[in-house]
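Please work through the exercises below with the sequence and the structure open beside you. Each task is followed by a solution that goes step by step.

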Amino acid sequence: MKVFVRDIAYMLENIAPLEYADSYDNVGLIVGSFYKEVRSILITLDLTEEVLYESIKKKCDLIISFHPVIFKSIKNITGKTFSERVVIHALKNDISIYVIHTNLDVIWEGSSSYISKLLQINREKVLIPRKKTIKKLITYVPVDYAEKVRNALFDAGAGNVSDYSHCSYNFDGYGSYMGNKKTKPFFGKKEVFHIEKETCIGVLFPDFKLDIIKKALFQNHPYEEVAYEIYNIENTNSHIGIGFIGNLVENMNEYDFLFFIKKRMNIPCIRHSNFIEKRIQKIAMITGSGRFGIEFAMKEKADVFISSDLKYHDFFKYEKKILIVDIGHYESEKFIKKLLKSFLDQNFTSISVFESEVYTNPVKYFY
Ligand SMILES: [Zn+2]
């Protein structure tokens, strides 16, 4: 079966909806066409000219990049910057460019999931939950059809609350209606008042699944005029947001912990604050630039906060309260290539997926 760019985009956006990206970000298909056939894909953290040449060499039709090669709007493309040259060469060689970035950061199975497994951390919840991501559906279904509708809603992604699935609230009551001449009521007759025993089903769902949930409801509810209500919920979803809080499978002393990270993640250099003389068990982590997360990690009483792009004074400020660790921006995100490859391999067996072999880290270490 042929695979097109739109199929890849649809799959990725089902995992990491574009709506979840930060407002400054530039995600989705940024170069090329949704209707182009894809036979092979190159995944990269950064899209440099070298990576673009690699994709030409490997005969890739699509590049999936974590960091956007274009952040801000461009008024002209003349090749004066590497971003413009990448776009020019991509267009010349008929290569599409797709970006999945901050929308992947906020998803539970996103940017930090691979690292947490690598570091043997059992994640509990996100560190900074995203607000206003939950909606609630209430629907009224004839009693004999309640199970069918409920299951269809679960299958479409409703009813997941933290680590519980298939959550719903149900009660029976009586619904009434009277259709006019144009109606075809499922029970009763047109222009005749009717009362039917119905089950009221209430389920929560992530807001980006609204269309899928409504489709499942309309396809499985027997009434021609489906009775339903949708509400915005203020509760936060413990699985949607930035970073995570979790516990090491086995606690260790600070020296061993830093050595463990360095080895497991193959990091050349780690910056850290003074040791707090405590065994490390509770971990707070944000991949990429995450200095805004330190206060949240403190509130959660984490023993250590791991991130990148931390400032000099960050290492002073939290002395003896929490161990602050900067592992480097590139180093904290380099495993995202493997994560994206696993999504693609699971869903598209007929295409070749390569991780870029180019070392794109712009920060060099002299040691
Ligand atoms: Zn980044």
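**Exercise 1: A serine in a helix**

Serine 113 is found in helix α5, which covers residues 113–118; helices (H or I, at least four residues) and strands (E, at least two) are DSSP runs, numbered from the N terminus. The model is a predicted one, in which local features need pLDDT of at least 70 and side-chain atom pairs count only at pLDDT 80 or more, while totals for chains, interfaces and linings use all residues. Residues are numbered from 1 along each chain as its sequence is written, and side-chain values use heavy atoms, with hydrogens and water left out.

Task: State whether serine 113 is buried or exposed, and list what serine 113 is in contact with beyond four places in sequence.

Solution. Begin with the cut-offs: buried means under 20% relative accessible area, exposed over 50%, and partly exposed in between, with a 1.4 Å probe and protein chains only. Serine 113 counts as buried because its relative accessibility is 1%. Next, take contact to mean heavy atoms within 4.5 Å; leaving aside neighbours within four places in sequence, serine 113 is in contact with Trp108, Arg123 and Leu339.

**Exercise 2: The zinc site**

Task: Find the protein donors of the zinc ion, and decide which geometry class the site belongs to.

Solution. Donors are N, O and S atoms within 2.8 Å of the metal (3.2 Å for Na, K and Ca), and water is not among the atoms, so sites may look incomplete. The protein donors are His67 (NE2), His329 (NE2), Glu333 (OE) and Glu333 (OE), and they lie 2.1 to 2.5 Å from the zinc ion. Along the chain they follow the spacing H-x261-H-x3-E. Histidine 67 sits in the loop between β3 (62–65) and α3 (82–92), whereas histidine 329 belongs to helix α11 (residues 329–333), so that the pair, 262 residues apart, links distant parts of the chain.

For the geometry, four donors count as tetrahedral if all angles lie between 85 and 135 degrees; four count as square planar and six as octahedral if opposite donors are over 155 degrees apart and all others between 65 and 115; anything else is irregular. The angles among the four donor atoms of the zinc ion are 54 to 124°, and the site is irregular.

**Exercise 3: A strand residue and its partners**

Task: Locate isoleucine 233, and say which residues isoleucine 233 touches.

Solution. Isoleucine 233 has its place in strand β9 (residues 228–233), and with a relative accessible area of 16% isoleucine 233 is buried. Not counting residues up to four places away in sequence, isoleucine 233 touches Lys132, Ile134, Lys135, Lys136 and Leu204. Threonine 133 is 100 residues from isoleucine 233 in sequence, yet the two are 7.7 Å apart in space, C-alpha to C-alpha.

**Exercise 4: Positive phi angles**

Task: What is the phi of glutamate 191, and what is the phi of aspartate 309?

Solution. Most residues other than glycine have a negative phi. Glutamate 191, although not a glycine, has a positive phi of about 65°; this residue is found in the loop between β7 and β8 and is partly exposed, with a relative accessible area of 46%. Aspartate 309, also not a glycine, has a positive phi of about 60°, lies in the loop between β13 (304–308) and α10 (312–317), and counts as partly exposed at 36% relative accessibility.
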